[in-house]
Amino acid sequence: MQRILTTVAALSLIVGLMAGVATPASATVGGYDSSYFGESAFLDLTAGQTGQFAVGFNNTGPTGWVRGSGSQVDLQICLADKVTCGTTSPNSAWASTWFSPTVYATASTDYV
């Protein structure tokens, strides 16, 4: 599980600096690429419950993902086209531990 959390990165790859952009960003950014390798079991929660979900990606691009820097990679909310990202989730009102209304989470380690 720690290995999965270590490489939790992004369904869509957007550097941290782009998270503040008001318009939705593309999931494709030069120098960044990844390879999906797995996820934890889906959660079946009811109102008031919380849970954790892990998604694992390997960094296959030439740029390292450094948490807290301009190369930070986040797990962002994307539209169904899977390339329009940085949009506000329709479920963000009840998201108590998300990184922001447009970002589920960031990597759990300092460098990937």
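**Notebook: a predicted single-chain model**

I started at glycine 38, which lies in strand S2. The model is predicted, so I noted its limits: local features need pLDDT of at least 70, side-chain atom pairs count only at pLDDT 80 or more, and totals for chains, interfaces and linings use all residues. Residues are numbered from 1 along each chain as its sequence is written, and side-chain values use heavy atoms, with hydrogens and water left out.

**Glycine 38**

I looked up burial next, where buried means under 20% relative accessible area, exposed over 50%, and partly exposed in between (1.4 Å probe, protein chains only). Glycine 38 counts as buried because its relative accessibility is 13%. I listed its contacts (heavy atoms within 4.5 Å). Leaving out residues up to four places away in sequence, glycine 38 touches Ala54, Val55 and Gly56. I also checked asparagine 58: it is 20 residues from glycine 38 in sequence, with 9.9 Å between the C-alpha atoms.

**Whole chain**

I counted one helix and six strands in the protein chain. The pattern along the sequence is α-β-β-β-β-β-β. Of the 112 residues, 34% count as buried. Among contacts between residues at least 6 apart in sequence, 60% join residues at least 24 apart. The accessible surface (Shrake-Rupley method, 1.4 Å probe; for residues, only the protein chains shown count as cover) comes to about 6700 Å², and 57% of that belongs to carbon and sulfur atoms.

Glutamine 76 is in strand S4 (residues 74–76). With 2% relative accessibility, glutamine 76 is buried. A polar atom of the glutamine 76 side chain lies 3.2 Å from the backbone nitrogen of glycine 86. Glutamine 72 sits in the loop between strand S3 (55–59) and S4. Glutamine 72 is buried too, at 8% relative accessibility. Its side chain makes a polar contact with the side chain of threonine 106, at 3.2 Å.

**Salt bridge**

I found one salt bridge (a side-chain nitrogen of Lys or Arg within 4 Å of a carboxyl oxygen of Asp or Glu). Aspartate 110 pairs with arginine 67, and the closest N and O atoms are 2.8 Å apart. The pair links distant parts of the chain, 43 residues apart: aspartate 110 is in the segment after strand S6 (103–106), and arginine 67 is in the loop between S3 and S4. Aspartate 110 is exposed at 53% relative accessibility, while arginine 67 is partly exposed at 36%.

**Disulfide**

Which cysteines does the disulfide join? I found cysteine 78 joined to cysteine 85, S to S 2.0 Å; the cut-off for a disulfide is a pair of cysteine sulfur atoms within 2.5 Å. The structure holds one such link. It is right-handed, with 100° about the S-S bond. Cysteine 78 is partly exposed, with a relative accessible area of 24%, whereas cysteine 85 is buried at 0%.

Technical notes:
Helix = DSSP H or I, 4+ residues; strand = E, 2+ residues; numbered from the N terminus. Polar contact = N/O pair within 3.5 Å; in protein donor to acceptor, adjacent residues only side chain to side chain.
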